[in-house]
Amino acid sequence: MTLAIVLAAGPAAGLTTDAGERLADRLAGQWRRAGADEVRVAADLSELADLVAAATGPVLVSGADLVAHTAVLKHLATSPVGPTVALVLTDPPAAGRATVREERGQVVAVDDPEGATGVFGGALRVGPADLPALATAARAAAGPATGGPAPDGPASALDRIVAGLVGCGALVFAHRVRLLVAHRVADPAELAAAQAAVAAVDEDRAELKLSVKERDDFFTTFFVSNWSPYVTKAAARIGLGPTGVTMISVAFAVAAAVLFGVGGRAALVAGGVLLYLGFVLDCVDGQLARYTRHFSAWGGWLDTMADRAKEYVVYAGLGYGATHAGFRYGWALAIAAMTLQTVRHMTDTWYGVLHDEAARRPRAATGDAGGIGGKLNAASTKVQADTGSVSYWLKRTVVFPIGERWALIAVAAALFGPLVALCAVLVWGVLAFAYTGALRTLRARWMRVPVLTTVDTGLHRDDGPLARTLPAAGRLPVVRQPLVLAVLGALGAAGLLLWALLRIRAGGDLPGWAVAFAFVLLMSGAHGARSAHDGPLDWLVPAALRAGEYLFAIAVGVAGRVSPWLIFGYVFVLTLHHYDLTARLEKRQAAPPLHAATLGWEGRSALLTIGSIAGIASIALATLGTYLLVVFVASVVLAWVVLPARVRGGDRSPG
C-alpha cells in the first residue's frame, strides 16, 4: 500500500487556491489521483515521522508549498528508476530550499559547494528499505526536542529530510520536470503565478511528448521518435499494452529474419522495411509504458531480453541468407557478430555499474582531475552537455547503438544483401568496441572504483561448482589478478579456435590434447573466483569470461565439424542465460531461481571438452544447449509466474 503525506505546517499551510481550497488539501487530492492508496496530512515533522515509522509500503512526501500538474506527482510516484526518488527543479535557489548535485540521474549531494545542478522540488518517493532512514531524518529535522536544528519552516525542514537521506547513504534518484510545471511557492503572488503556469500547459499533450526519451541516439531521434508518439497514442486508445507491443515487435523481427534468409531483391527490401518497423515498435513499447505509467519488473526484463533475441534472430537470418547465396562462411559471420555484440554488451553493463558507483563516491575517492583519465572524463561531460552539437551526435553514433545497428542492417541488406550487412555490422562493431574499450579503460583507471566488490561476484561471473571449490590463485601478484586470469583463458580459447580453423582448412583434425590444453588455460579464470575483484579494471572480468566461454564452445564445434547453425544455436542459448543475469543486475532483481542448475561457465566448458575428446561434439553441443534452454524457460516461469503467484496467495516461503 502506498501512503502519501502532505506536510502542512508553516506559512504555506495557510495558502489557498483561487477556488478557496487550501493548498495542502489540493495536494492531498492530487496524490489520490496520482495513485496513492492512503493520503494523510501531517501537522508537523514529528507526526510525519510517526506516520513513516508505521508504514510498510512506499511513502510519498510533499510539502504544502508545491504547485504542480497531477501528472508530475504521478510520474514521481510511478518512476521506474529506483525505489527512492526526489523531485528536482531548475528554479533558481531560494532561502530555505536545498540545492542538489546529481550525476547519472542520482542525487549525490545536497547543498554541495562544488556546484549544484538543480533545486529540490519539495516532493519525494521513498522505498520501504529507506523508510527507517526517512523517519530518522524527519525526527532529526523536527527541532530541539530531538537534538536537531530548530525548524525554520516546512520547506527547509523537508529539504533537511532529503539532506539526511542522502547523507546516510540512501540511493536517491532524481526526477526532473520537463514540459510540465512544478513550482514551490511562499506567498499568494507566487501561488497565482504558479497556477497560471500550470493552466497554460496541455497536460495530456505534454505527457505524450514526455513518453519519448529526453536523450536518444541519432537515428532514433530523427527517424523514429518524430512520429512514433502517434503510434503510442493509437496503441493507448485501443488498449494495447507495452508487452503486447513488444511481442508484435518480435514478430516483425522474426519475419524480417525469414525474408533475409529467403533472399531475392523483393524479399530483402521487404525484410529491411519490416526490420525498421520492428525497431519503431521497439521504441513504442517503452514510450507506451511511460505514457500510460504501466511499469513492471517483468516488462523491463522482457524488453531487455526481447531486444537481444530479436537482433540475434536477424543475424541468424542473415547468416542463412549469405550461405544460401553461395558464401561458405555466412553462418561464421553471424556467429562472430553475435559473439562480438554480446561481449560488447557485457562491457556496457559493467561500465554502467562502475560509473554509477563512482558517482556515489566522494570526488576525492576517485582521484584528482589530472591525468588523461580525468581529462577524458571532463571532455566527455562537456560533450554530453552540448546537446545537439556535431560532437554530441558523433559521440552517440560512433558507439554503434541499437538504432544505428538496425538501420545499417536494414539498408545494407536491402541494397547489397546479407553478406554485406553482416560484414558492415562486424566492421563497425569492432571499431566501436575498440573506441569505447580504450576510452573506458582510461577513465576506469582514473575512477579507481572496485565495482565488483559491491555485488555477488560469483553470480555475475557465472561461476559454477568447479570455480567455487578450486583453490584460490597462487602467491604471485600477477596470478592473483582475476582479470589477468580471465584474459589468459580467453586467449587460450581464441588460440584453439584459430588452430582448429587452420587444421580444418588443411584437411586435418585437431588432436584431443589441444582441446584439453585449451580447457586448462580457460580454467585459469576459475582460480581467480575467490580473489579480490578490487582492481580498477576488474569490471572487465565478466566480459572476459563470456568471451572465453563463447570462443571455446565455437572452437569445439569447429574442431568437431559441427554444423554452423548448431554452433550458432548453442551460443544463442548461452547469450540468453547471460543477458538474464545482466538484465536482473540492471533491474536490481535477485538471481534466477535455477541459476545453480546452469553448471557455471567452467562446468559447461568441461562437458564440451569431454564431448570433443570423445568425438561427439555435435551431440554434446545439442544436448547441453537443449538442457540450458529448458532450464532457462523453467527459470523464467518460476521467476515471473509461479513465485509471484505464491506471494499473491500468501505463501512467502522460498520456492
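Reply: Helix H15 (residues 390–398) and H17 pack with their axes 10 Å apart, at an angle of about 115 degrees. H15 is therefore roughly perpendicular to H17, where angles of 65 to 115 degrees count as roughly perpendicular, under 35 as roughly parallel, over 145 as roughly antiparallel and the rest as oblique. Axes here are lines fitted to C-alpha atoms, for helices over the stretch in contact, and the angles run from 0 to 180 degrees between N-to-C directions. Helices are DSSP runs (H or I) of at least four residues, strands (E) are runs of at least two, and both are numbered from the N terminus.

This is a predicted model, in which local features need pLDDT of at least 70 and side-chain atom pairs count only at pLDDT 80 or more, while totals for chains, interfaces and linings use all residues. Residues are numbered from 1 along each chain as its sequence is written, and side-chain values use heavy atoms, with hydrogens and water left out.

On the H15 side, Lys395, Thr397 and Val398 meet Trp428, Ala432 and Tyr435 of H17, contact being heavy atoms within 4.5 Å.

H17 (residues 418–447) also packs against H12, at an angle of about 130 degrees and with the axes 8 Å apart. H12 and H17 are therefore oblique to each other. The contact involves Tyr315, Leu318, Gly319, Gly321 and Ala322 from H12, and Pro418, Leu419, Ala421, Leu422 and Val425 from H17. H12 passes H17 in a left-handed crossing, a term for a near helix turned anticlockwise from the far one by less than a right angle, with clockwise giving right-handed.

Arg448 is not a glycine, yet has a positive phi of about 55 degrees. Most residues other than glycine have a negative phi. With a relative accessible area of 51%, Arg448 is exposed; exposed means over 50%, buried under 20% and partly exposed in between, with a 1.4 Å probe and protein chains only. Arg588, also not a glycine, has a positive phi of about 55 degrees and sits in the loop between helix H23 (564–586) and helix H24 (600–613).

H12 (residues 297–324) also holds Trp301, whose partner Trp640 is in helix H25 (residues 617–648). The structure holds 21 aromatic pairs. The pair of Trp301 and Trp640 is tilted, at 5.7 Å centre to centre and 45 degrees between the planes. Its two residues are 339 residues apart, so the pair links distant parts of the chain. For pairing, the ring centres of Phe, Tyr and Trp (its six-membered ring) must lie within 6.5 Å; planes under 30 degrees apart are stacked, over 60 edge-to-face and the rest tilted. Both Trp301 and Trp640 are buried.

Ring pairs also build a cluster of Phe218, Phe219, Phe222, Phe223, Tyr276, Phe279, Tyr392, Trp393 and Trp406. Another ring, that of Tyr579, has the charged end of Arg308 over it, 6.0 Å from the ring centre. A charge counts as over a ring if NZ of Lys or CZ of Arg is within 6 Å of the ring centre and within 35 degrees of the ring normal.
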